[in-house]
Amino acid sequence: VSIDRDEVRRVLDALAASTGAVDAAQGLPMECYVSDSFHEFERHAVFEGSWLGLGRVEQIPEPGDYFTIEVCDEPLLVIRDRDGGVNVLSNVCTHRQHLLLEGHGNVSGVVRCPLHAWGFDASGALRYATGMSRAVDFDPADHCLPRLAVEIWNGFIFAHHDPDAEPLAPTLAKVDDAARPYGLEDLVTTEPVVTGPFPWNWKTMFENGIEPFHTHFLHKGQHDFAPDPTFVEWDDGDGAVLHPTNFKELDQSFNPLWRGLLEPLPGLTEEHRRQVMFVAALPTLYFGLMPDHVFWMLILPVGPGGVMLHNAILHHRDATSLPNFDERMSWIVQGLNLLFVEDSSANASVQRGRRSRYATPGRYASEEATLPQVNRWLARAYRDGAARLGVEHETPVSIEGRPLVNETATIKETAT
Ligand code: FES
Ligand SMILES: [Fe+2]
């Protein structure tokens with residue numbers, strides 16, 4: 001599949017309709033969700049041009065610890081080196097492209113390619129090039145594993161394909177402020193559970209996760225303790241979209257009892273204990289700050305109509321001493337899963353709907369204020385990606401921070 005430059009141009013020219021205030025904006029063009037060629041454009045524009053959340057530092061505490069991950073068909077290796085640094089390398093052998101490692105584990109010494117035993121160290125340097133002693137003009141230094149830029153943010157590992165990428169942290173300042181009392185850096189993750197592929201577009205899943213409007217309907221009953229979403233402004237330069245939803249009572253949680261199952265995290269005020277903060281750290285990481293835990297998930301595209309998921313829970317390190325800790329954790333996961341089942345059925349349905357010849361972008365309800373914000377994040381990535389590809393387009397892509405609602409608009413209830 002190759003990039004269709006006319007298609008990219010059409011989408012860019014249409015984006016202005018999707019990035020305004022919520023009461024004036026509409027959804028993205030359908031190509032963005034269903035087209036193979038547009039997905040190919042996104043691979044370049046979004047996934048090669050953004051900081052990618054990949055996991056947590058405590059997944060690889062010791063030198064030689066590693067995990068592998070595939071982001072939009074790009075196999076990556078996240079490995080801790082002898083000096084304690086976290087490196088993100090291409091997981092593709094530079095000899096004949098066998099993948100070096102699978103899953104997660106520990107390598108002592110070099111990373112050995114299974115096919116012909118070339119060996120790379122944790123910085124990506126080629127240490128053993130077996131069979132190459134007679135090769136002319138062969139310098140091992142020319143055959144190291146490509147190494148991505150790495151930034152650790154609150155215990156989350158992010159990587160960027162561009163070694164000169166602008167730093168990530170300033171783009172997450174709003175999330176930092178919201179997350180500070182939770183002490184994310186000191187929380188401990190469970191091992192991520194990998195599932196999929198599921199039949200929907202990666203953006204459909206982020207939309208579902210960051211949009212509270214559907215919870216009154218799709219999750220009726222299950223979500224009733226958390227009826228009250230609020231919204232925050234998105235400014236140009238913001239790397240994430242976030243919004244809190246308020247609970248009816250303190251320390252509630254997503255399970256049939258609506259009660260938190262661990263102790264509230266130390267440092268939270270009553271306000272925090274009465275809300276969940278949802279964060280879409282696009283394009284891969286989604287998480288929710290709860291009074292007693294943080295659920296996090298990686299949403300990894302497999303083509304335009306598929307995702308793989310990595311799901312895990314962060315908890316306080318002292319929580320393990322609570323009676324029945326493992327059972328409590330398993331109830332947290334099961335509680336979230338009840339909602340996931342409903343969201344999955346909706347996401348799969350939306351994906352089928354978006355393939356319809358009759359599908360056109362719809363208008364947003366006011367409780368979907370986060371969706372034009374997601375669109376602005378995407379518009380920036382699309383615009384910058386198109387510029388790198390040299391795709392000219394007519395309408396300038398505007399993404400500046402816009403008010404949540406249009407101040408001059410008259411809002412009428414349209415139920416009839
Ligand atoms: S493909 Fe890795 S050593 Fe040959
Ligand atoms: Fe949902």
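Which residue in E7 does Arg112 stand opposite? I shall open with that detail and then widen the view. The structure is a predicted model, and everything I report has been computed from it. In this model, Arg112 stands opposite Gly119 in E7.

The two residues belong to a pairing between E6 and strand E7, residues 119–120, which is antiparallel and runs over 2 bridges. That pairing is part of an open sheet of 3 strands, in the order E6-E7-E8, again with antiparallel pairing. Strand E6, residues 111–112, and strand E8, residues 126–128, are the edge strands, and each of them pairs on one side only.

Let me turn to another sheet. Here 3 strands form an open sheet in the order E1-E10-E9, with antiparallel pairing. Strand E1 (52–56) and strand E9 (149–153) stand at the edges with a single partner strand each, so one side of each has no neighbour in the sheet. From one strand to the next, the twist averages 30 degrees. Between E9 and strand E10, residues 156–160, there are 5 bridges, and the two strands run antiparallel. One of the positions concerned is Ala149, whose bridge partner in E10 is His160.

Now to the protein as a whole. It has 8 helices and 18 strands. Its radius of gyration is 22 Å, close to the 22 Å that the globule rule gives for 416 residues, so the protein is as compact as a globular protein of that length. Along the principal axes, the C-alpha atoms fill a box of roughly 80 × 60 × 35 Å. Buried residues make up 50% of the 416 residues. Among contacts with a separation of 6 or more, 67% are between residues 24 or more positions apart. The accessible surface comes to about 18,800 Å², and 51% of that surface belongs to carbon and sulfur atoms.

What lies in the interior? The largest nonpolar core has 106 residues, of which Leu184 and Phe287 touch the most other members. Helix H8, residues 370–389, supplies the largest share of this core, with 8 residues. Leaving out residues up to four places away in sequence, Phe287 touches Trp153, Val175, Leu184, Met277, Phe278, Val279, Val294, Phe295 and Trp296. There is also a second, separate core of 15 residues, which includes Tyr66, Leu100, Val107 and Phe120.

Is Lys203, at 2% relative accessibility, buried or exposed? Lys203 is found in helix H5, residues 202–210. It counts as buried, because its relative accessibility of 2% falls under the 20% cut-off. Beyond its neighbours within four places in sequence, Lys203 is in contact with Leu28, Cys32, Tyr33, Glu42, Leu378 and Tyr382.

Arg82 is the second case. It is placed in the loop between strand E3 (74–80) and strand E4 (86–90). With a relative accessibility of 73%, over the 50% cut-off, Arg82 counts as exposed. Arg82 and Glu62 are 20 residues apart in sequence, and their C-alpha atoms are 8.4 Å apart in space.

To summarise the pair: Lys203 is buried, whereas Arg82 is exposed. Thank you for your attention.

Key
Residues numbered from 1 in each chain as written. Chains lettered and ligands numbered in written order. Predicted model: local features only at pLDDT ≥ 70, side-chain atom pairs only at ≥ 80, totals over all residues. Heavy atoms only, no water. Helix = DSSP H or I, 4+ residues; strand = E, 2+ residues; numbered from the N terminus. Buried < 20%, exposed > 50% of the residue type's maximum accessible area, 1.4 Å probe, protein only. Pairing = 2+ DSSP bridges. Axes fitted to C-alpha atoms, helices over the stretch in contact; angles between N-to-C directions. Rg over C-alpha atoms; globule rule 2.2 N^0.38 Å. Contact = heavy atoms within 4.5 Å. Areas by Shrake-Rupley, 256 points an atom, 1.4 Å probe, with all protein chains shown as cover. Core = buried A, V, L, I, M, F, W, Y, C linked by side-chain atoms within 4.5 Å.
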